[in-house]
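Visitor: I have not seen this structure before. Please take me through it in questions and answers.

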Amino acid sequence: MLDLLTSHSALGLVSAAFAISLVLRSYFAKPKLPHSGKLPPGPALLPILGSALAVDVTAPWLTYKAWGNQYGDVVYTRLFGQDNIIINSERVARDLLDHRSQNYSDRPEIATNELFGIDYTTAFMRYGSRWRLQRKILQQSFRQAAVPTFQPMQIAKSHDLLLNLLEDPLNYQEHLEAHSGSVILSAVYSYDAARRHDYMIERGTMALELMLKELRPEVAAVFSAYPFLLRLPSWLPGMRLKRISPLAKELAVENLERPFAHTERSLAMGSVSHCMVATHLRELDDGRHGDSAWQKKAIQESTATASGAGTETTAAVLMNFVLVMILHPDVQQKAQKLVDSVVGQKRLPTFHDRPSLPYIDAILRECLRWHPVFPLAIMHAAVESDIYEGYYIPKGATVTPNVWAMCHNEDKYANAYEFNPDRFLNPDGTLTDDTVSFVWGFGRRICPGRHLAEASIWSAIVCMLAVFNFSRAKDETGKEIEIEPRWNPGLTVRPLPFPCSITPRNADMDITALQHLIRVSV
Ligand code: HEM
């Protein structure tokens, strides 16, 4: 970005002022160490940039893991003048983010969130009363005891997924997204999305794609460290973010207001099923809450966050699932055999079958671990300075749990880069106690949607295994097309689309037969 700015001679003055201010900011922002304190070890720091040049921006978790091997579980870096603590082990993450959560539940200020109109989002909000209220609303709706209410809906949406895959297998990615989007829109807003090409899902997906593509962590880091850059005119090279921000804002407002208005209308007409918004709006009507405008705003903001947070993430895990079923036909066949032995072929699986199918849960856990959707979770931040194992952690430092490193810890997961669901099974075939809980984050910020997400993924994969075979696509000569798996970089990570063949296991299965199977299964 800097070189783009400085390459234009007319901008010489701006560039010079910019460079001087960077140096001054970088110098004065250095943490002041207490007398006996020392920072955790870390890579050598350049002026201004800190360690930025050493980081692989397409997969920073790999750089951080390599630093972990060299410097230890706690690494100190400075990126554009911001103190950053990287945690490379589950032990340290639990010590700091779980056991000292009162100090590590903040988020860093991200200047670009306001620009994109997403500063209302619970996930990026600073630790304080506004976040606390939103978090309470989310917890109440999606705590473990509350999510079984959503199971019939989740099964119905998995059946829709089967119909979509049978009708149009080539667009499997779109159908997985539609599945994730429709579950969350139903759970949050009681909105029954069209099976395909739903307007609300498409607008939500567009907003998320724009955010994930444009607000990449390294871009957000530069603008957050130097927020005055956001005051530069949008026509300047390097200011693309400003040029697209009106569209991003429009989508953010739409996602906040449109589905919420749908539930309000349905409530008024008395035609609403169980959902997060309806539950909380009804409580509001009881008059039990003091400032109802503040409460209503919190409901609207937390529900819009849930709807955004729940779509891309579960779809990404399902993409991982389809990919590994193709790469590991042995796992697929074993799972199908087990499903057949428990469920038979005259109906589809339901949640009642779950306790009898531990291998499906083992596959689910391995999909979450093998390629975690949030390889760096979401950054936490330190409210106050702290001392940990003799190291000084400055107030305001961002704290990044390297979930990728925890998932690929060879001491815990032998041959960690291999996909192997058996690692989650005891010798007697029951599930181990390891639920890979760190993929959901830590402490007071742990993902509040985890129970809902797990159930959505479980029902989708067990239904897909019951009906379909996943295999390599063939070219026009009938030769199998090799897959070179690649994942998109960013805050969340998912496999890029790959050629794939999805065919019914039963050659007689057509839409009529599948619709019949669905009818007899509910
Ligand atoms: C496979 C699916 C999902 C994964 C892997 C996932 C993972 C995560 C992670 C790692 C975090 C950050 C935790 C931290 O800061 O320590 C998070 C936050 C969050 N997730 Fe999820 N999530 C998923 C699905 C969902 C769903 C379905 C919902 C909605 C019901 C949801 C709602 C949220 C919210 C609201 C936050 C912000 C919490 C806060 O900052 O207090 N997530 N999630």
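Guide: Two strands pair if DSSP finds at least two bridges between them. Helices (H or I, at least four residues) and strands (E, at least two) are DSSP runs, numbered from the N terminus. This is a predicted model, where local features need pLDDT of at least 70, side-chain atom pairs count only at pLDDT 80 or more, and totals for chains, interfaces and linings use all residues. Residues are numbered from 1 along each chain as its sequence is written, and side-chain values use heavy atoms, with hydrogens and water left out.

Visitor: Which residue in strand 6 stands opposite Ile-87?

Guide: Strand 2 (residues 82–87) runs parallel to strand 6 (residues 398–401), and four bridges join them. The residue of strand 6 opposite Ile-87 is Pro-401.

Visitor: Why is one side of strand 1 and of strand 3 left without a neighbour in the sheet?

Guide: Four strands form an open sheet with mixed pairing, in the order 1-2-6-3. Strand 1 (74–79) and strand 3 (380–381) stand at the edges, so each has a single partner strand.

Visitor: At what angle does helix 4 run to strand 2?

Guide: Helix 4 (residues 90–98) lies across strand 1, strand 2, strand 3 and strand 6. Axes are lines fitted to C-alpha atoms, for helices over the stretch in contact (heavy atoms within 4.5 Å). Angles run from 0 to 180 degrees between N-to-C directions, and the one between helix 4 and strand 2 is about 125 degrees.

Visitor: How many charged residues are in the contact of helix 14 with helix 15?

Guide: Helix 14 (residues 329–343) packs against helix 15 at about 145 degrees, with the axes 9 Å apart. Val-331, Lys-334, Ala-335, Leu-338 and Val-339 of helix 14 meet Tyr-359, Ile-360 and Ile-363 of helix 15. Ala, Val, Leu, Ile, Met, Phe, Trp, Tyr, Cys and Pro count as nonpolar, Asp, Glu, Lys and Arg as charged, and the others, Gly among them, as polar. By class the contact has seven nonpolar residues, no polar ones, and charged residues numbering one.

Visitor: Which helix gives the largest share of the lining of the second largest pocket?

Guide: On a 1 Å grid over the protein atoms alone, a pocket is an open set of points with protein on both sides within 12 Å along at least five of seven lines, and lining residues have an atom within 4 Å of a point. The second largest pocket is lined by 19 residues, with Arg-450 and His-451 among those nearest its centre. Helix 15 (358–370) and helix 17 (450–467) are the elements that give two or more residues. The largest share is four residues, from helix 17.

Visitor: Which protein residue is the donor to the iron atom of the ligand?

Guide: Donors are N, O and S atoms within 2.8 Å of the metal (3.2 Å for Na, K and Ca); water is not among the atoms, so sites may look incomplete. The iron has a single donor from the protein, the SG atom 2.3 Å away, and its residue is Cys-447.

Conventions: 1 Å grid on protein atoms, 1.4 Å probe; cavity = no way out; pocket = protein on both sides within 12 Å on 5 of 7 lines; lining within 4 Å.
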